Amino acid sequence: QPQLVESGGGLVQAGGSLRLSCVASGNIFSINDMGWYRQDRGKQRELVAGISSRGSTKYADSVKGRFTISRDNAKNTVYLQMNSLKPEDTAVYFCNADIVLYGSSWPAVTWGQGTQVTVSS
């Protein structure tokens, strides 16, 4: 089974920056779309940013101009650079990827365990 492991979360003051990383592991043939989602207590999980295998990106309106998603295909890694953080960005951030394993015809939708981001005012 493929796995995703996030890192880089923590506590930061409003206006500060954090960089999240997510590494995929397993018997990976290829990775299609990758993305970051977040979920705050009592709220639904929402898409923050996504990136295709070719590098096309999309962002939630609330983070446009502040967050940047990127990926390193050689390292099976996706990043989320978060600048000008606001208290409303506080949430657990989850990495997501469509991973194709060797010997498989279909991608496996895979989630990381989540990393907490807390922005203090």
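**View 1. Strands S9 and S11 pair in the antiparallel sense over three bridges.** This is a predicted model, in which local features need pLDDT of at least 70, side-chain atom pairs count only at pLDDT 80 or more, and totals for chains, interfaces and linings use all residues. Residues are numbered from 1 along each chain as its sequence is written, and side-chain values use heavy atoms, with hydrogens and water left out. Strands (E, at least two residues) are DSSP runs, numbered from the N terminus. Two strands pair if DSSP finds at least two bridges between them. Find Ala91 here: its bridge partner in S11 is Val117. Strand S2 (residues 10-13) also pairs with S11, in the parallel sense, over four bridges. There, Leu11 stands opposite Thr118.

**View 2. Side chains alternate along strand S11, residues 115-120.** In a regular strand the side chains alternate between the two faces of the sheet. Which residues of S11 point to one face and are buried? They are Thr115, Val117 and Val119. Buried means under 20% relative accessible area (1.4 Å probe, protein chains only).

**View 3. Cys22 and Cys95 form a disulfide.** A disulfide is a pair of cysteine sulfur atoms within 2.5 Å. By this rule the count comes to one. The two sulfur atoms lie 2.1 Å apart. The link is left-handed, with -85° about the S-S bond. It joins distant parts of the chain: Cys22 sits in strand S3 (residues 18-25) and Cys95 in strand S9, 73 residues apart. Cys22 counts as buried because its relative accessibility is 0%. Cys95 counts as buried too, at 0%.

**View 4. Asp89 lies in the loop between strands S8 (77-82) and S9 (91-101).** Is Asp89 buried or exposed? Asp89 is buried, because its relative accessible area is 1%. Contact means heavy atoms within 4.5 Å. Leaving aside neighbours within four places in sequence, Asp89 is in contact with Arg38, Arg66, Phe67, Ser84, Val117 and Val119.

**View 5. The largest pocket is lined by 13 residues.** A pocket is an open set of points on a 1 Å grid over the protein atoms alone, with protein on both sides within 12 Å along at least five of seven lines; a 1.4 Å probe fits at its points, and lining residues have an atom within 4 Å of a point. About 180 Å³ of space lies in this pocket, a volume being the space filled by probe spheres set on the points, which are joined across faces, edges and corners. Arg38, Lys43, Glu46, Glu88 and Asp89 lie nearest its centre.

Methods: Buried < 20%, exposed > 50% of the residue type's maximum accessible area, 1.4 Å probe, protein only.
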